[in-house]
Amino acid sequence: MPYIKTTTNTPIPAEKREAIKSQLGTDASIIGKSESWLMVDFEEQRPLYFKGTADPAALVSVDLYGSAGGDAYGKMTAAVSTLLQEQLGIPQDRIFVKYSEYSTWGYNGRNF
């Protein structure tokens, strides 16, 4: 059950949002998850500064039930960074990807 939130200071046109969402559904398998449990969130045109500038940048937060391990996280970071560079033109050196692991996750009125 991953929740992937992309926060960026750039606009995300609807067709790009759909393409990113679809690719994240595929990429979820890198961290051992499936699109059927994936929730994707976008925050665009936020006042986001990195390295002292408002040049295009992004923070991608990946929250997941359980864990995936360092190798999987490395592959996921590469995939997400490439995706945002290709779809939004954000240079990879202006993208942070962070991971949070949870042992308890609630869904449908109960916890796993």
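This is a predicted model: local features need pLDDT of at least 70, side-chain atom pairs count only at pLDDT 80 or more; totals for chains, interfaces and linings use all residues.
N108 sits in the loop that links β5 to β6 (110–111).

**Backbone angles in loops**
- N108 has a phi near 55 degrees, which is a positive value in a residue other than glycine.
- Most residues other than glycine have a negative phi.
- N108 counts as exposed because its relative accessible area is 64%, and the cut-off for exposed is over 50%.
- Q45 also has a positive phi, of about 50 degrees, although Q45 is not a glycine.
- The loop between β2 and β3 (58–65) holds Q45.
- With a relative accessible area of 53%, Q45 is exposed.

**Strands β1 and β2**
- Strand β1 (residues 2–8) and strand β2 (residues 39–43) run parallel and are joined by five bridges.
- Within the pair, I4 stands opposite V40 in β2.

**Nonpolar surface patch**
- W37, Y107 and F112 make up a nonpolar patch on the surface.
- Together, W37, Y107 and F112 have about 300 Å² of accessible area.
- Y107, one of the patch residues, belongs to strand β5 (residues 106–107).
- Y107 counts as partly exposed because its relative accessibility is 42%, and partly exposed covers the range between the buried cut-off of under 20% and the exposed cut-off of over 50%.

Terms used
Residues are numbered from 1 along each chain as its sequence is written. Side-chain values use heavy atoms; hydrogens and water are left out. Patches are made of residues with over 30% relative accessible area and no salt bridge: like charges are joined within 9 Å, nonpolar side chains (Val, Leu, Ile, Met, Phe, Trp, Tyr) within 5 Å. Accessible areas come from the Shrake-Rupley method with a 1.4 Å probe; for residues, only the protein chains shown count as cover. A salt bridge is a side-chain nitrogen of Lys or Arg within 4 Å of a carboxyl oxygen of Asp or Glu. Helices (H or I, at least four residues) and strands (E, at least two) are DSSP runs, numbered from the N terminus. Buried means under 20% relative accessible area, exposed over 50%, partly exposed in between (1.4 Å probe, protein chains only). Two strands pair if DSSP finds at least two bridges between them.
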